[in-house]
Amino acid sequence: MTDSIRITNAKGLYLEGIRDGNMKEALDKYTGERYTQHSTGVRDGKEGFIEFFTPFLARNPIRDIQVMRTIEDSQYVFAHVYQSLNNGEAQWVTADLFDTDDNGKIIEHWDVIAAYKWPTKSGRSMVDGPTEIEDLDKTDANKVLIQGFVDDILIGGQNDKITDYISTTQYDQHNPDVGDGLDGFGVFLGEMAASGRTMEYVKVHRLIGQGNFVVIFSEVKMDGHDLAFFDIFRLKDGKLVEHCDVQEQIGPIDTWNNSGKF
């Protein structure tokens, strides 16, 4: 499937601007009249992007950056990205959400960044799995299902309803600390409870979907710390069958260079 103008612009900013190091050209080509930034270490605008990434490019002359999957919903584009820097010296998984203007140019950006971990409990990597968008006619129904999952399970804590949402026969897991299936999810929750750890979804700030994929961007309280989460769900026949996530602890407000993560 040919990329839309919005996906082309999001990929272009990432690949041409960061991977290839052509920051100014990519910013001029792919961003709109404003560029509001929520990656807390980066100031707003093109100037903030260049200010942040100039030393990044110098520190990391070898950059393997792969956009693993993209999802488009109205003016929003989500990108799930793997980065290997300096031949694997550092490996990262990033989840990025872009807002765009009427011309498809990028005007706002949110992200969550996590270290790439291997091995994982499931044997699946943090970024592999199907990427093809299917079931476009089910986009709205799938978004409604995930909103119910948020309300009933993630925020409501009604775990007796979990099989209303998650398939009992397949739940492929990419969180490095969680095994496949409902059993793996249950073991993870049990281990958290036994160790006294806590996790609370406080608010879902964005929910976007395209066909068989739905993504939520959430504010989460874990073990007393404030985190930002992106959860990526793949659905089939009205059930969740696959899950990836990216988690990042939010730093103190005095370290922010913009209005904040959300």
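**Entry 1: strand β5 and its neighbours**

I started with T31, whose bridge partner in β5 is I106. The model is a predicted one, so I kept its limits in mind: local features need pLDDT of at least 70, side-chain atom pairs count only at pLDDT 80 or more, and totals for chains, interfaces and linings use all residues. Residues are numbered from 1 along each chain as its sequence is written, and side-chain values use heavy atoms, with hydrogens and water left out.

For the element names I went by DSSP runs, numbered from the N terminus: helices are H or I runs of at least four residues, strands are E runs of at least two. Two strands pair if DSSP finds at least two bridges between them.

How many bridges join β1 to β5? I found 3, with β1 (residues 31-37) and β5 running parallel. Strand β4 (residues 90-100) is joined to β5 by 9 bridges, and those two run antiparallel. On that side I noted D99 standing opposite E108 in β5. β4 and β5 make a hairpin with 5 residues between them, and G104 in the turn has a positive phi of about 85°.

Next I checked burial (buried is under 20% relative accessible area, exposed over 50%, partly exposed in between, with a 1.4 Å probe and protein chains only). Of the 10 residues of β5 (residues 106-115), 8 are buried, so the strand is largely enclosed by the rest of the structure.

**Entry 2: pockets**

I looked for pockets on a 1 Å grid over the protein atoms alone: a pocket is an open set of points where a 1.4 Å probe fits, with protein on both sides within 12 Å along at least five of seven lines, and lining residues have an atom within 4 Å of a point. Points are joined across faces, edges and corners, and a volume is the space filled by probe spheres set on them.

The largest pocket holds about 720 Å³ of space. Its lining has 34 residues, and F188, M199, M222, F229 and Q247 lie nearest its centre. Elements giving two or more residues to this lining are β5, α4 (139-155), α5 (181-194), β7 (199-210), β9 (225-236) and β10 (239-249). Which element gives the most? That is α5, with 5 residues.

I also sorted the lining by class (Ala, Val, Leu, Ile, Met, Phe, Trp, Tyr, Cys and Pro as nonpolar, Asp, Glu, Lys and Arg as charged, the others, Gly among them, as polar). The largest pocket came out at 21 nonpolar, 7 polar and 6 charged residues.

The second largest pocket has a volume of about 440 Å³. I counted 24 lining residues there, with S39, F52, F53, D111 and I113 nearest the centre. β5 turns up here too, along with α1 (5-19), β1, α3 (45-59), β3 (76-85) and β4, each supplying at least two residues. By class this lining has 13 nonpolar, 7 polar and 4 charged residues.

**Entry 3: salt bridges**

I searched the whole structure and got 16 salt bridges (a side-chain nitrogen of Lys or Arg within 4 Å of a carboxyl oxygen of Asp or Glu).

D73 pairs with K143, their closest N and O atoms 2.8 Å apart. D73 sits in strand β2 (residues 63-73) and K143 in helix α4, so this pair ties together parts that are 70 residues apart in sequence. Is D73 buried or exposed? At 15% relative accessibility I put it down as buried, while K143 is partly exposed at 22%.

R124 and D180 form another bridge, at 2.9 Å between the closest N and O atoms. R124 is in the loop between β5 and α4, and D180 in the loop between β6 (172-173) and α5, so the pair ties together parts 56 residues apart in sequence.

R43 and E51 come to 3.0 Å between the closest N and O atoms. I also noted a network of salt bridges linking K24, D28 and K46.

**Entry 4: aromatic rings**

Last, I counted 12 aromatic pairs (rings of Phe, Tyr and Trp, its six-membered ring, with centres within 6.5 Å; planes under 30 degrees apart are stacked, over 60 edge-to-face, the rest tilted). One of them is F217 with F230, which is stacked: 4.3 Å centre to centre, with 10° between the planes. F217 lies in strand β8 (residues 213-222) and F230 in strand β9, 13 residues apart. F217 is buried at 2% relative accessible area, and F230 is buried at 1%.

Y35, F49, F52, F53 and F56 form one aromatic cluster.
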